[in-house]
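Good morning, colleagues. Please take a moment with the sequence and the structure on the screen before we go through them together.

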Amino acid sequence: MSGELEIQSPPQALPFLLRATGSSAGIATLVQKVQVGKLTGPAKNNALRVIADIGTPEQLGTIFDLAIADGASPEDQHMYLHTLYPAVANRKVVPPRDLLKISELLNSPNSAVRSAAVMCLGAWKFQPLREDVQNQIHIEENSLPEKQAAVRAVGAYSDQPAAAMLNKIVSSDQSLEIQRTANEELLRFRPQQGAKLAVKFFQAANATQAEPLFQTILSRKGLSELVAKAIGSETLPKDVAVVGARILSSSGQQDSELSKLLSIAGQLNQDPVKLSPEEMAKMVEELSLKGDAHRGEAVFRRENLNCFKCHAIGPAGGTVGSNIISLGATAQPDYIIESILDPNAKVKEGYHTMVVATDEGKILSGIKARETDTELFLKDAEGRELVISKNSIEQQKQGASLMPAGLTSNITHQELLDLSAFLYALGRKPEFTIGTEPIVRHWEAIQATDAAAYQFRRISYAAAATANADFQWKSLYSFVNGHLPLADLPEFTIRNRSVAGNRGMSFVRTHFNSTEGKVDFELNDSSGLQIWIDEKPVDVAQRISADLTSGTHQITVAIDRSQREKPLLLKPVLSEGFARVELPTGK
């Protein structure tokens with residue numbers, strides 16, 4: 001190592017290099033190069049990040065001087081202020097300068113500069129300009145992000161006057177976004193006070209507005225207990241309670257006291273919902289005006305609803321419930337809405353459960369699949385076949401639908417409209433109609449466990465194509481249009497082998513049967529992919545090929561998330577001269 005610092009190095013590497021070498025001279029060199037304008041673009045950004053991380057007070061003072069210098073561009077001023085802010089927020093380092101001079105930047109014509117200056121003043125707890133910071137909240141012309149920055153700056157003072165001001169904002173006629181920001185600041189340094197105000201906020205907010213505050217509450221130890229205590233016997237809007245319960249569930253806190261109280265406060269009961277004719281007419285009208293089928297497909301796919309567990313859409317999904325491939329072409333909106341709200345109101349012939357008591361004291365239930373003279377075959381909610389000897393049956397009766405009542409306790413009213421719109425679009429709208437063209441709809445993804453990540457580091461990405469006990473595979477399905485969305489895939493953070501840093505990787509596979517001969521598959525796009533058929537790598541292009549024997553085969557795909565954002569679509573080529581390919585169906 002020559003000792004010459006490479007400014008173009010990745011920003012995360014520079015602080016490490018400078019700390020490792022103990023080079024105070026290296027930091028001084030960076031400051032000097034910034035000062036005389038020798039650095040531009042990414043190199044300048046990288047240098048300023050290093051200075052923010054490990055620069056001395058005097059070096060940060062130089063950055064302060066540059067921020068308030070005559071002729072500095074708004075872009076540079078913004079960069080310099082964003083060097084000063086993390087230095088004080090993370091390291092409590094304040095530049096030894098006349099901080100009053102930053103007041104000039106509060107009047108900058110650039111809103112980003114004004115916001116950054118306000119955030120610095122709050123983090124410095126600078127008293128002489130405290131009133132100016134507070135005034136930024138009430139300037140009508142200021143944008144929402146500017147006002148929110150000012151609220152966070154007020155909170156950064158973290159004293160009793162700050163708490164009083166934030167309390168006043170939460171109880172004011174400011175927008176709910178501003179009130180929420182003030183509430184988040186109070187939760188940080190006056191948690192009991194903030195918890196009580198959070199309940200009032202939830203009572204006035206809608207689901208979208210409430211979600212960020214729930215995220216804040218769960219991100220800090222002890223806050224969920226304080227909010228639960230503050231809820232007590234209060235009531236909350238159902239949609240707000242649904243969102244809160246969902247966030248708790250996704251964070252593994254579904255059994256917490258807050259989760260229980262949200263269910264009570266939002267009346268999230270598991271009973272079926274029965275609508276009057278007038279209520280149904282109103283909801284059908286709402287569906288046509290506000291329902292969004294694309295959003296509804298995302299609701300249908302949600303793991304906690306388990307729709308695919310019982311229902312298939314064409315060749316993909318469970319076989320316990322009816323195949324809903326063309327539901328929208330055969331059912332009216334009111335039927336669909338009622339089926340969601342009250343699953344037992346109108347159960348299709350052949351889809352009632354059967355409950356059987358045996359002479360061994362077992363209670364078994366499922367959909368009747370078939371029967372012989374001696375045995376009864378049921379299919380349970382997991383799709384497993386239960387075989388019951390007729391001689392062992394003591395009692396049997398018709399049960400309810402396998403679809404759970406109270407489904408809507410897990411979704412908001414808007415999500416109910418969207419889900420209904422999606423189901424009503426199936427087989428009726430072209431973009432939600434499955435044609436005869438075969439498309440891979442069944443996939444499995446490797447779960448992002450430590451053990452799996454270790455295998456990829458130890459071996460290579462090709463390990464995904466092999467049988468490995470450390471890989472946990474989970475089934476998932478493509479959208480109706482055949483696309484497999486990358487957002488649904490588990491993502492590994494794996495050290496990049498070609499350039500410094502990490503990259504996100506996902507791994508999926510599918511199986512198929514073929515006759516002997518040449519097999520071709522077409523991709524919608526080949527960027528960011530590595531592909532193996534069975535365990536052999538193939539040249540990745542818009543069309544991939546392999547000569548195969550008759551039998552079951554596997555396609556494995558490694559997806560570099562840093563190079564690809566498009567969903568994955570894969571379909572076999574079925575034409576003369578190619579082997580016959582059969583894709584999987586069902587679960």
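This is a predicted model: local features need pLDDT of at least 70, side-chain atom pairs count only at pLDDT 80 or more; totals for chains, interfaces and linings use all residues.

Where in the chain is S478 found? It sits in the loop between strand 9, residues 473–477, and strand 10, residues 492–495. Leaving aside residues up to four places away in sequence, S478 touches R301, V440, R441, W443, H483 and L484.

Let me now turn to the chain as a whole. The protein chain contains 22 helices and 18 strands. Its C-alpha trace spans about 95 × 65 × 45 Å along the principal axes. Of the 587 residues, 47% are buried. The chain exposes about 29100 Å², and carbon and sulfur atoms supply 49% of that area. As for contacts between residues at least 6 apart in sequence, 69% join residues at least 24 apart.

Next, the interior. In soluble globular proteins, nonpolar side chains tend to be buried together. Here the largest nonpolar core has 54 residues, and V34, L81, I102 and W124 are those with the most contacts inside it. Several helices give two or more residues to this core, including helix 2 (24–35), helix 5 (74–91), helix 6 (111–124) and helix 10 (176–189). Which helix supplies the largest share? Helix 6 does, with eight residues.

Not counting residues up to four places away in sequence, W124 touches F64, L84, V88, V94, P95, L99 and I102. Apart from this core lies another, of 33 residues, with M280, I324, L419 and L426 among them.

Finally, I come to one helix pair. Two packed helices are described by the angle between their axes and the distance between the axes. For helix 12, residues 207–219, and helix 13, residues 223–231, the axes come within 7 Å and cross at roughly 120 degrees. Angles of 65 to 115 degrees count as roughly perpendicular and those over 145 as roughly antiparallel; helix 12 and helix 13 are therefore oblique to each other. On the helix 12 side, T216, I217 and L218 take part, and they meet L223, S224 and V227 in helix 13. By class, this contact has four nonpolar residues, two polar residues and no charged residues.

Thank you; I welcome your questions.

Definitions and conventions
Residues are numbered from 1 along each chain as its sequence is written. Side-chain values use heavy atoms; hydrogens and water are left out. Axes are lines fitted to C-alpha atoms, for helices over the stretch in contact, and angles run from 0 to 180 degrees between N-to-C directions. Helices (H or I, at least four residues) and strands (E, at least two) are DSSP runs, numbered from the N terminus. Angles under 35 degrees count as roughly parallel, over 145 as roughly antiparallel, 65 to 115 as roughly perpendicular and the rest as oblique. Contact means heavy atoms within 4.5 Å. Ala, Val, Leu, Ile, Met, Phe, Trp, Tyr, Cys and Pro count as nonpolar, Asp, Glu, Lys and Arg as charged, and the others, Gly among them, as polar. Buried means under 20% relative accessible area, exposed over 50%, partly exposed in between (1.4 Å probe, protein chains only). Accessible areas come from the Shrake-Rupley method with a 1.4 Å probe; for residues, only the protein chains shown count as cover. A nonpolar core is a set of buried Ala, Val, Leu, Ile, Met, Phe, Trp, Tyr and Cys residues joined through side-chain atoms within 4.5 Å.
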